[in-house]
Amino acid sequence: MRMKPVASALLAFLIMPLSAHAEEEVNIYSYRQAFLLEPLLNAFTEDTGIKTNVVFAKNGLAERLAREGRNSPADLVMTVDISRLNELVEKDLTASVNNDTLTANIPAHLRHPEGKWFALTTRGRMIYTSKERVAEGELTTYEQLADNKWDDRICTRSGKHPYNIALIASMIAHHGEADTETWLQGVKDNLARRPQGGDRDQIKAIAEGVCDVALGNSYYYGNMLEDENQRPAAEKVRMVFPNSDGRGTHINISGIALTKSAPNRDNALKLMTYLSESKAQHIYAEANTEYPANPKVEVTGVVASWGELKPDTLSLQTIANNREAAVRMVDRVGYDN
Amino acid sequence: MNQAADSADYPSHPPLVAGRTSKRWLISALLTTFVVALPVFSVVYLAFFPDENIWPHLIDTTLPRYLDNTIRLMLGVAVLTLLIGVSTAWLVTMCEFPGRRIFEWALLLPFAVPAYVIAYVYTDLLNYAGPVQIALRDWFGWTNARDYWFPEIRSLGGATLMIGLVLYPYVYLLSRAAFLEQSPSLFSVSRSLGHSALSTFCRVVLPIARPAIAVGLSLVMMETLNDFGTVDFFAVQTLTAGLFDTWMNLGNLGGAAQIATIMLSFVLILVTLERYSRRRQKQFSARDNRQPVYRFRLSRPLRMLCTLTCTLPVVLGFVVPALVLGHYAIEYFAQSWTTEFVRTALNSLFLSSTAALTTLVIGLTLAYSRRLHDTQGMRILMRLSSLGYAMPGAVLAVGVIVPMAGFDNWLDGLMGDWFGWNTGLLFSGTAFALVFAYTVRFLAVSAGSIESGLQKVTPSMDMASRSLGQSPGGTLIKVHMPILRGTLMTAALVVFVDCMKELPATLILRPFNFDTLATYIYQFASDEMLSHSALPALIIVLAGIVPIILMSRSIGNSRSFQ
């Protein structure tokens with residue numbers, strides 16, 4: 001029986017983290033890495049005195065939130081990719097936010113009509129070409145990627161990756177399913193190798209001569225330019241803003257949503273508005289070379305040097321709605337095989 | 001002794017307990033199994049409620065490829081781990097060659113390297129920008145990737161090699177323990193009856209060690225089946241990849257749970273087949289520590305060959321990754337070494353040791369209950385309790401959340417109604433949830449090895465102990481636990497190292513602001529910044545080494561050699 005005190009002490013220690021509720025705080029479930037959020041959250045805590053708590057995971061947080069239900073400690077969900085935000089709305093896990101600062105800072109096409117999510121940054125899905133082997137202006141649209149000319153010259157990551165799925169979903173919105181499938185088959189036939197690795201790996205593959213053309217989000221290129229070891233590879237590669245002369249470049253977002261059950265609702269709203277204001281928007285853009293969602297915030301640094309991004313104004317909701325069709329298309333085409 | 005019962009109805013031994021005491025063991029086994037199997041049942045339950053039927057689409061498109069890749073991966077890893085694990089275990093147990101004493105524990109080292117880390121390291125080494133290809137290009141004057149052919153590490157073959165290299169220690173550990181526990185006289189008898197060493201190995205040693213080897217191999221198979229990190233990184237489309245696709249991209253958790261359930265049945269069938277094939281065997285060894293074993297004295301070339309055989313897996317599975325990680329850890333040391341990092345390491349240590357202890361106690365309870373009540377029902381209970389291991393960590397995490405958050409909310413409602421108390425989430429989102437998840441996940445590891453260890457203790461030990469007045473519990477503590485010391489330590493060690501490496505369930509279940517070494521690595525690795533995670537990766541590896549060496553020593557000490 002002498003085990004009992006020991007056992008209960010151990011149990012108390014194991015479930016302790018929950019009992020620390022005394023101070024002002026806000027709890028975040030994040031699909032973005034904690035180190036990406038750190039500069040922002042530190043600035044927020046410094047300015048407001050509100051402590052931030054984060055759990056980061058790439059999947060499963062929506063299930064956790066749903067099952068925890070009314071007692072969930074989470075106030076906010078931060079995520080990348082519109083589909084994730086849409087999933088939260090569909091599962092009815094997010095609350096509507098009607099806040100003047102947020103509506104003033106975030107343009108209407110970058111937030112949910114009822115305020116169930118807000119974009120904080122945008123990123124373009126860029127085309128990368130070899131400076132040596134592809135002439136400037138030779139490749140300017142997503143549509144051209146299916147051209148025979150690029151046979152055995154294209155590299156991409158898995159077609160199932162959310163960023164590619166969103167791009168394909170936007171193609172479906174613009175061209176319809178049948179034409180998009182023909183296009184996707186064309187791109188697949190042009191691949192120089194089986195889809196693999198991340199976006200950075202595709203840029204590296206161009207530098208290595210494995211392929212001449214690649215797809216990748218803008219900030220990967222920016223971050224490679226800022227990493228001493230990866231800069232030489234990035235410098236051999238040119239970033240192209242696809243469809244600039246037409247409908248604009250496909251963009252995706254990182255965003256934030258208030259949970260229905262939020263126990264620290266006021267603090268959560270403070271953080272949401274804080275993140276939409278210029279100080280935080282600057283940090284976001286500089287720390288991860290993304291585009292601020294707040295149009296009043298000027299783009300600076302390496303991102304500014306790339307020139308103007310003309311975004312495709314297609315509604316993000318449409319992209320989210322076409323996600324399933326895009327996933328099934330990738331399977332039918334056998335893009336990853 | 002390896003007694004094959006002549007007929008199936010011949011009772012193997014009389015029941016080890018009778019009367020009231022037996023109930024206590026039975027009930028505790030039942031309760032434990034129920035709690036431990038809850039997450040698995042939750043997943044099976046979810047499988048009944050898919051958002052839509054995914055199978056027509058899967059069968060039309062990707063399923064054949066998923067199955068094909070999965071089977072080839074599993075076969076490849078099985079062959080690789082058996083070859084490396086059994087042969088090296090035999091060599092270090094029975095042959096004398098330079099470095100043997102070092103290899104005894106060194107062969108376990110790759111076990112401390114997480115599969116996702118070794119995959120990263122070899123990609124870094126063998127890809128175009130890596131040192132190997134740079135050297136080749138310099139040497140031959142090639143200028144770009146199109147000038148030459150180089151094996152693609154990101155492939156099915158690459159994944160097989162990576163997974164095999166870090167998982168073979170399961171087979172090695174369990175076969176070595178089995179070889180050590182075999183009575184040396186068996187070997188001598190076989191030799192004196194005219195069998196060669198090789199023939200004795202195949203006809204006497206291997207069959208006796210088979211239950212242990214099978215346990216090791218089935219652990220390997222389950223880990224291979226649920227591996228996501230490596231196959232995802234290498235873009236190998238296995239069933240697990242399909243599962244995550246269904247869950248994350250199609251938003252169909254029920255469909256994903258169906259795939260998980262099918263993977264479970266796959267494992268169950270494998271394990272059952274293996275058991276069925278040796279259903280008539282029963283073996284007990286009266287371990288005789290007084291009689292020393294004489295290791296083979298080999299000729300010089302053979303000794304060299306032995307050393308080489310044992311060096312290769314250690315170098316490939318441990319030395320190379322450790323060197324690469326060490327290199328990066330030094331280069332990025334300033335960015336990596338923070339106070340947060342130390343706390344992270346302590347979190348890992350605390351969680352893993354708690355979980356190792358918990359699984360040991362539960363595993364012992366279950367295995368011993370089964371010994372007391374060797375009925376069909378108990379056998380099924382044992383199988384049920386170890387299913388968590390066959391499930392991808394992220395799916396298991398959802399399986400943990402469902403009953404746990406359900407219980408928390410139920411209790412909260414109850415307390416609210418009765419006393420007006422607000423208990424909130426008592427267990428969800430705490431370290432307890434993590435320890436529970438680890439226990440569910442890794443119970444198969446400890447229960448499996450304890451069970452196979454217990455099976456080799458002859459029932460006459462129990463009978464003697466009981467007739468001298470010991471209770472079943474007393475017999476366990478005073479007789480079995482000392483006999484099984486090596487096995488128990490092995491079980492705890494394996495679970496500890498496994499917990500240190502566990503990633504997907506930890507990510508989903510952990511409390512706020514809480515990192516383990518594995519999650520710490522992952523947040524950088526998942527943003528394609530792997531070099532920043534070298535230090536924590538190295539620490540996981542190093543933290544695994546110390547217990548490995550300690551325990552390996554104590555296993556080796558359990559038998560006298562000359």
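1. Basis of the model. Residues are numbered from 1 along each chain as its sequence is written, and chains are lettered from A, with ligands numbered from 1, in the order in which they are written. The model is predicted: local features need pLDDT of at least 70, side-chain atom pairs count only at pLDDT 80 or more, and totals for chains, interfaces and linings use all residues.

2. Confidence. The pLDDT is the predictor's confidence in each residue, from 0 to 100. Chain A has an average pLDDT of 90, and 93% of its residues score at least 70. Within chain A, helix α1 (residues 3-14) has the lowest confidence, with a mean of 61, while helix α7 (residues 177-190) has the highest, at 97. Helices (H or I, at least four residues) and strands (E, at least two) are DSSP runs, numbered from the N terminus.

3. Domains of chain A. By an automatic or database domain assignment, chain A is divided into domain 1 (23-122 + 252-305) and domain 2 (123-250 + 312-333). The C-alpha centres of these two domains of chain A lie 27 Å apart. Two residues are in contact if their C-beta atoms, placed from the backbone, lie within 7 Å; on this basis 15 residues of domain 1 of chain A are in contact with 16 residues of domain 2 of chain A. On the side of domain 1 of chain A that touches domain 2 of chain A, the largest share, three residues, comes from α4(A). That side of domain 1 divides into five nonpolar, eight polar and two charged residues. Here Ala, Val, Leu, Ile, Met, Phe, Trp, Tyr, Cys and Pro count as nonpolar, Asp, Glu, Lys and Arg as charged, and the others, Gly among them, as polar.

4. Strand β1(A). A residue is buried if 20 or more other C-beta atoms lie within 10 Å of its own, exposed if 12 or fewer, and partly exposed in between, with C-beta atoms placed from the backbone. Five of the six residues of β1 (residues 25-30) of chain A are buried, so this strand is largely enclosed by the rest of the structure. Strands pair if DSSP finds at least two bridges between them. β1(A) runs parallel to β2(A), joined by six bridges, and Ile28(A) stands opposite Val54(A) in β2(A). The path from β1(A) through α2(A) to β2(A) is a right-handed β-α-β crossover: with the strands pointing away from the viewer, the path from the first strand over the helix to the second runs clockwise. Three bridges join β1(A) to the parallel strand β3 (residues 76-80) of chain A, where Val77(A) stands opposite Tyr29(A).

5. In α4 (residues 82-90) of chain A, the buried residues include Ile82(A), Leu85(A) and Leu88(A). The buried residues of α4(A) pack against elements of chain A including α3, β3 and α15. After α4(A) comes Asp92(A), with a positive phi near 60 degrees. Seven of the nine residues of α9 (residues 218-226) of chain A are buried, so this helix is largely enclosed by the rest of the structure; among them are Tyr219(A), Tyr220(A) and Tyr221(A).
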